[in-house]
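Morning, everyone. Have a look at it while I talk.

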Amino acid sequence: MTIGILGGTGDQGKGLARRFALAGHPVLIGSRDAGRAQEAADSIGNGARGAENAAVAAEADIVIVAVPWDGHKATLSALREPLASKIVVDCVNPLGFDKQGAYALPVEEGSAAQQAAAVLTDSRVVAAFHHVSAVLLLDPAVDKVDLDVLVLGDDREATDTVQALASAIPGVRGVYGGRLRNAHQVEALTANLISINRRYKAHAGVRLTDI
């Protein structure tokens with residue numbers, strides 16, 4: 001499968017792109033600026049290519065949304081047509097930051113993933129990859145990333161596909177986490193993980209027991 005990453009020039013998008021490229025998937029990095037996208041792709045290597053977001057949305061089989069929250073709705077609204085019928089994986093965390101640290105922002109639709117589903121009515125929207133440390137994904141010294149990826153959605157085939165995609169990263173396990181309406185607390189948990197990581201100077205993730 002060809003994996004496209006919208007907002008792939010940021011650390012999270014670039015880290016996921018690197019791991020999927022290493023796993024043997026053709027990877028397309030998207031950006032508003034094709035030149036920046038290609039620079040990011042060149043830094044990853046392993047056959048990754050860069051292009052404008054619209055071109056990536058049209059060519060990729062699965063598209064991961066890793067854009068900043070403040071540009072989330074506008075970016076997806078502009079790409080509604082090329083993303084139709086495709087699996088769209090939203091990993092955006094709507095967070096704010098102040099002197100006390102990170103906190104979850106309210107979202108009118110309930111969550112970033114639900115906002116994506118409201119905009120992309122002809123796409124199969126899945127929520128996943130919210131808690132994966134970009135630092136670990138980008139670190140060439142890290143062979144295995146020790147965490148579970150919670151995968152949420154209303155389309156069983158789509159969530160199965162994304163679980164398998166997550167498990168292509170060594171050390172990672174894709175775990176079904178419920179319907180898309182439950183994405184809010186998964187996105188919000190990222191604020192807790194940021195607090196944990198700051199206190200313990202770590203790159204903590206989530207592991208689930210007894211499954």
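Predicted model: local features only at pLDDT ≥ 70, side-chain atom pairs only at ≥ 80, totals over all residues.

**Salt bridges, and what surrounds them**

Let's start with Arg 124 and Asp 155, whose side chains meet in a salt bridge at 3.6 Å, N to O. By salt bridge I mean a side-chain nitrogen of Lys or Arg within 4 Å of a carboxyl oxygen of Asp or Glu. Arg 124 sits in strand β8 and Asp 155 in the loop between β9 (147-153) and α7 (156-167), so this pair ties together parts that are 31 residues apart in sequence.

Residues are numbered from 1 along each chain as its sequence is written, and side-chain values use heavy atoms, with hydrogens and water left out.

The cut-offs are under 20% relative accessible area for buried, over 50% for exposed, and partly exposed in between, using a 1.4 Å probe and protein chains only.

Next one: Asp 148 and Arg 173, a salt bridge at 2.9 Å, N to O. Asp 148 is in strand β9 and Arg 173 in strand β10 (residues 172-178), so the pair ties together parts 25 residues apart in sequence. Here Asp 148 is buried, at 2% relative accessibility, whereas Arg 173 is partly exposed at 27%. These two also belong to a network of salt bridges that links Asp 146, Asp 148, Arg 173 and Arg 207.

Asp 160 and Arg 156 have their closest N and O atoms 3.4 Å apart, and both lie in helix α7, 4 residues apart, about one turn of the helix. Asp 160 is partly exposed at 37%, and Arg 156 is exposed at 63%. How many salt bridges does a search of the whole structure find? The search gives 9.

**An aromatic pair**

Now for the rings. Rings of Phe, Tyr and Trp (its six-membered ring) pair if their centres lie within 6.5 Å; planes under 30 degrees apart are stacked, over 60 edge-to-face, and the rest tilted. By that rule we get 1 aromatic pair. The rings of Phe 20 and Phe 129 have centres 5.8 Å apart and planes at 75 degrees, so the pair is edge-to-face. Phe 20 is in helix α1 (residues 11-22) and Phe 129 in the loop between β8 (124-127) and α6 (134-138), so to speak distant parts of the chain, 109 residues apart. Phe 20 is buried at 0% relative accessibility, and Phe 129 is buried at 1%.

**The whole chain**

Zooming out, the chain has 8 helices and 10 strands. Buried residues make up 51% of its 211 residues. As for contacts (heavy atoms within 4.5 Å), among those between residues at least 6 apart in sequence, 70% join residues at least 24 apart. And the C-alpha trace spans about 40 × 40 × 40 Å along its principal axes.

Methods
Helix = DSSP H or I, 4+ residues; strand = E, 2+ residues; numbered from the N terminus.
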